[in-house]
Amino acid sequence: MPLTRFATDAFGVVTIALVVLLILLGFLCIVYSCYFRSRIRHQDFVQLSYFSGPWVIRITFILFAIWWGLGEIIRLSFLSRALNLKWQETVCKCYIVSNMGFAEPCFFLTLVFLLRAPLQKIETGIMSQKWNGKTVGYVLLYCLPVFVLQLFVILIGPQIDKNKSAARRLPRYFTSAAATSLMTRESDVTVCTYPLLSTIILGLFAFILSAYLFWLGRRILKLVINKGLQKRVYTLIFSVSSFLPLRVIFLGITVLSKPEHLLFEVFAFLAFLALLLCAGICMCMLVYYPVADSLALGNLQELEARRRISDDRNESISLIANQSHLEDHTEDNVGSSLGRNSDASAKRGSISFRTLARDGTSSGTYVELSLFSPSRHATPPGSPPHLGWPMRSTQVLEP
């Protein structure tokens, strides 16, 4: 079925809408991470500083996903119609090198380093001030071979193939990043294609990455005792090990259809959708949920601290009120109930607490409690008991 302008525009609009949603999710995660970082620094949540350690790598991880999404928008043919065919072909070559050679490998390499972070030592891991910078350097270094290979396929591959004889030349879809398509009742438009050699390089990268993630996931699951975290690890590994190979398969199938056919655009869109879902799930599992859990833990600690302060304040107010109440009634109550021995008891720190009935009226009952230990001699009748003894209550008639 030939590709029409309406179908191209429809796929383009849906692609732009989905990329915008991914970018909004990315900015939300960035703001959330920065907010969490500011709370750690300004409210002295030292216990949670470990969870905010990789905040730079988390933001870098999101920026790679946004870079990839913008590249998917740039490759759309209905946006490049204002350019001439030569510039459209240049845009397609830059898209292959930028997305398949840089953004996608860096995105998944950053994901691997975020997963490896809990397995490293605290001194040399995410608590180290140089960890974020070193990790960015390692990501770029490990991405360099894929980038160079994709650059070789796009720039040098076609030139080498031209110098060969016609019998030894590879089919054009092995190295071509663009193809001219004549749509119905439209002028020529350059459609970005996916060179088969570039797809093979990405497939080798996906195979190595998936194998390493399975091994890394087993190590992480041995350390995780929370079922919720186990589900997140399983979801993360499953999404990467399934969606990334699916993308490679769909990109490989595109060579079976001509760029001017609808089937080519369908497979290209499915490949885009597979990686979009993978990126969204990874951002939620590696950025949003960890930050949300840490903020919830910080709020619990803050509420607990406020509760303790409130309890201490209530106890202080209650003690002051009881002491003032004691001073008001000491002379009358002590004179009528304890007599002369009350003076000695008061010197030893006896305090009386009035108990109230359920209806709020005073029952006239006082509970005596000795705050300081009495002398070694036997206590006279009516004096407070020794420290640690059961409290006793005496009925006192109010004047």
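pLDDT is the predictor's confidence in each residue, from 0 to 100. This is a predicted model, in which local features need pLDDT of at least 70 and side-chain atom pairs count only at pLDDT 80 or more, while totals for chains, interfaces and linings use all residues. Residues are numbered from 1 along each chain as its sequence is written, and side-chain values use heavy atoms, with hydrogens and water left out. The chain averages a pLDDT of 75, and 64% of the residues score at least 70.

**Confidence**

- Over residues 337–383 the pLDDT stays under 50, and the model has 85 contacts beyond four places in sequence for this stretch; a contact means heavy atoms within 4.5 Å.
- The pLDDT is also below 50 over residues 385–399, a stretch with 37 contacts in the model beyond near neighbours in sequence.
- Where pLDDT is low, the predicted coordinates should not be read in detail.

**Overall fold**

- The chain has eight helices and five strands; these are DSSP runs numbered from the N terminus, with helices being H or I of at least four residues and strands E of at least two.
- From the N terminus on, the order of elements is α-α-α-α-β-β-α-α-α-α-β-β-β.
- Of the 399 residues in the chain, 41% are buried; buried means under 20% relative accessible area, exposed over 50%, and partly exposed in between, with a 1.4 Å probe and protein chains only.
- The accessible surface of the chain comes to about 22700 Å², and carbon and sulfur atoms account for 65% of it; areas come from the Shrake-Rupley method with a 1.4 Å probe, and for residues only the protein chains shown count as cover.
- Taking contacts between residues at least 6 apart in sequence, 73% join residues at least 24 apart.

**Annotated transmembrane regions**

- UniProt, in an unreviewed entry, lists residues 12–36, 48–70, 95–115, 136–156, 194–215, 236–256 and 262–289 under "transmembrane region".
- UniProt positions are given in the numbering used here, feature names are shortened, and annotations may be inferred rather than shown by experiment.
- In the model, residues 95–115 are 100% helix and 0% strand, with the end C-alpha atoms 28 Å apart.
- Residues 194–215 are 91% helix and 0% strand, and their end C-alpha atoms are 30 Å apart.

**Arg247**

- Arg247 is in helix H6 (residues 227–253) and is buried, with a relative accessible area of 0%.
- A polar atom of the Arg247 side chain lies 3.1 Å from the backbone oxygen of Ala271.
- Leaving aside neighbours within four places in sequence, Arg247 is in contact with Trp68, Glu72, Tyr95, Glu104, Leu202, Ala271, Phe272, Ala274 and Leu275.

**Aromatic pairs**

- The structure holds 16 aromatic pairs; rings of Phe, Tyr and Trp (its six-membered ring) pair if their centres lie within 6.5 Å, and planes under 30 degrees apart count as stacked, over 60 as edge-to-face and the rest as tilted.
- The rings of Phe11 and Phe269 form a tilted pair because their planes are at 50°, with centres 5.5 Å apart.
- This pair links distant parts of the chain, with Phe11 in helix H1 (residues 5–42) and Phe269 in helix H7 (residues 262–337), 258 residues apart.
- Both Phe11 and Phe269 are buried.
- The rings of Phe107 and Phe108 have centres 5.1 Å apart and planes at 85°, so the pair is edge-to-face.
- Phe107 is buried at 4% relative accessible area, and Phe108 is buried at 1%.
- One aromatic cluster is formed by Phe11, Trp68, Phe269 and Phe272.

- Thr135 is found in helix H4 (residues 131–163) and is buried, with a relative accessible area of 2%.
- Not counting residues up to four places away in sequence, Thr135 touches Ile57 and Phe113.
- Leu149 is also in helix H4 and counts as partly exposed, at 44% relative accessibility.
- Pro290 is in helix H7, and its C-alpha is 9.5 Å from that of Ser33, 257 residues apart in sequence.
- Beyond neighbours within four places in sequence, Pro290 is in contact with Arg58, Arg232, Cys284 and Met285.

Methods: A polar contact is a pair of N or O atoms within 3.5 Å; within protein, one must be able to donate a hydrogen and the other to accept it, and residues adjacent in sequence count only if both atoms are side-chain atoms.
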